[in-house]
Amino acid sequence: PKRASVALEHGAHRLGRRTDAMMETWRNYGLGQFIHWGVYAIPGGQWNGKAYPGAAEWIRAWNEMPRDEYDQLYKQFNPKDFDAKKWARQAKEMGAKYMLITTKHHDGFCLWPSKYTDYTIENSPYKKDIVGDLVKAYTAEGIDVYLYFSIIDWNHPGYRSKIKSDDERPAYEEFKQFTRNQLVELLDMYPETKGLWFDGTWDKAWVEQAEFADELGKELRSMIPGLIIGSRFRADEKGNRHFDANGDMMGDYEQGWERKIPANIDVLNGNDWDCVMTIPENQWGYNSNWKGHVKSSNELLEMLIRCVSMDGNFVLNFGPDGLGNIRPEETERAADIGKWMKKNGEAIHDCGYAGLDEQNWGYFTKSRTSGKTYLLVTNVPVTGGLTVKVPKDKEIAKVYPLASPNQSLKLEKTGKYDYFVRLNEKNTDSIAVFVLEYKGDG
Ligand code: FHN
């Protein structure tokens, strides 16, 4: 379809992908870790023996949760088991290349000692700077840190979702200034930050701040060269979010894939993107009682592979408890994923879309550095082989198990561009990875 051509001052400032080194690094992460942590980890989705039916980090919004009691919870926040290095080691073992930490969620509680509010970790019994410790520990493990920041702030008196009359403007202006100050403060305090992951930007009041948000984005980008900000940050002056009135993405990558994965690569229009995923259903913060469909390690691995096969990053969420422990169910998933990644990470890190037709047996990825094509087999067909359709200018030279380059699989040509790759029985373990080489490669 033809692009619309609406004149915009605060629409997209770039068409097409960013091609600089920092964005290239981002694109090549493949796997990331999200951490939702705050005072909501104390109730853990339960209050006075009743279970909150929504997402645990939203419990303050529940009628049965007295707000003043919630707002006092920080006086009990004392995660004595918190060990940033332990979390960072676990993320590294899992194969994560970047991490997102909720510096401040919608409740407004700051995990860093912000000088612009008293509602921070500094005034909890714990006192120590959690964001600072995480930035240090993850950076030391070679994992890039991104700061999650909620524009919604239920604790700030100037915050509102809608400006109902002009009388409310001064308060909202104060809130905007506060938001700017906190963001500048974060980048000043943690210059290792690689990007900002914005959330809670859907309110009408914020959507109306196209110019302010655009200027703020520029200011933040000037503080850290290469800083990465997704499409969830600002709206254009017509109130469009993520994509401006011309359909062009605002920001460095598409940030709308929350708990869902695109059906195919075409819907992405060539944009970079990330998928953020929970292990249980819609629970990001700690919920002591996970119910319903809790994903298996295999399901999560398949999601990771699917995202990478369509040029996206997969970010898996963890919700530590009020004492600072990562729950056993999450530790188990991290270990399983890490075990698989140790063997097969070559087909994930630095990889993306392989340019091949999708097949029902699984996914293709392709390394952006070595140019190798990988077959990641999630469903072994009963015929014991894989159908592969190559592009018109290609011919397969060989296919072999990632770990055993000398064990070439038997290839049958079934059509001009079609092959049947016969698997050896011993190669049918769960999500096996094979390398495909074309004639003329290497
Ligand atoms: O409301 C939040 C939610 O609690 C969680 O933080 C997710 C993570 O992407 N973002 C918002 C919902 O879109």
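**Entry 1: terms and model**

In these notes, buried means under 20% relative accessible area, exposed means over 50%, and partly exposed lies in between, taken with a 1.4 Å probe and protein chains only. I am working with a predicted model, in which local features need pLDDT of at least 70 and side-chain atom pairs count only at pLDDT 80 or more, while totals for chains, interfaces and linings use all residues. Residues are numbered from 1 along each chain as its sequence is written, and side-chain values use heavy atoms, with hydrogens and water left out. Helices (H or I, at least four residues) and strands (E, at least two) are DSSP runs, numbered from the N terminus.

**Entry 2: loop residues**

I started with Lys127, which sits in the loop between strand E4 (98-104) and helix H4 (130-140). Is Lys127 buried or exposed? Lys127 counts as exposed, because its relative accessibility is 55%. Its phi is near 70°, a positive value in a residue other than glycine. I noted the background to this: most residues other than glycine have a negative phi.

Arg259 was next, in the loop between strand E8 (254-258) and E9. Arg259 is not a glycine, yet its phi is positive, at about 60°. With a relative accessible area of 31%, Arg259 is partly exposed.

I also looked up Ser296, in the loop between E9 and H8. Ser296 counts as partly exposed, at 36% relative accessibility. From Ser296 to Val435 there are 139 residues in sequence and 26 Å in space, C-alpha to C-alpha.

**Entry 3: strand E10**

How many residues of strand E10 (residues 312-318) are buried? Seven of the seven are, so E10 is largely enclosed by the rest of the structure. I recalled that in a regular strand the side chains alternate between the two faces of the sheet. In E10, Gly312, Phe314, Leu316 and Phe318 are buried on one side, and Asn313, Val315 and Asn317 are buried on the other.

I then checked the partners of E10, taking two strands as paired if DSSP finds at least two bridges between them. Strand E1 (residues 31-35) runs parallel to E10 and is joined to it by five bridges. Ile35 stands opposite Phe318 of E10. Strand E9 (residues 273-277) also pairs with E10 in the parallel sense, over five bridges. Here Trp273 stands opposite Gly312.

Contact means heavy atoms within 4.5 Å. Angles under 35 degrees count as roughly parallel, over 145 as roughly antiparallel, 65 to 115 as roughly perpendicular and the rest as oblique.

Helix H8 (residues 297-309) and helix H9 (residues 328-344) have axes that come within 9 Å and cross at roughly 55°. H8 and H9 are therefore oblique to each other. On the H8 side, the contact is made by Ser297, Leu300, Leu301, Leu304 and Ile305; H9 brings Glu332, Arg333, Asp336, Ile337, Trp340 and Met341.

Helix H3 (residues 84-94) packs on H9 at an angle of about 40°, with the axes 7 Å apart. That angle makes H3 oblique to H9. Gln90, Glu93 and Met94 of H3 are in contact with H9, which contributes Thr331, Ala334, Ile337, Gly338, Met341 and Lys342.

**Entry 4: two open sheets**

I noted first that strands of a sheet pair through backbone hydrogen bonds, either parallel or antiparallel.

In what order do the strands E14, E16 and E17 lie? They form an open, antiparallel sheet in the order E14-E17-E16. Strand E14 (385-389) and strand E16 (410-413) are the edges, each pairing on one side only. Neighbouring strands of this sheet are turned by 25° against each other on average, direction ignored. E14 pairs with strand E17 (residues 418-422) over five bridges. Lys389 has Asp418 of E17 as its bridge partner.

The other sheet is open too, with five strands in the order E11-E12-E13-E18-E15 and antiparallel pairing. Its edge strands are strand E11 (351-352) and strand E15 (396-401). Strand E13 (residues 373-377) and strand E18 (residues 432-438) pair over five bridges. The bridge partner of Thr373 in E18 is Leu436. Last, I found H8 again: it lies across E11, strand E12 (362-367) and E13, and runs at about 50° to E12.

Notes
Axes fitted to C-alpha atoms, helices over the stretch in contact; angles between N-to-C directions.
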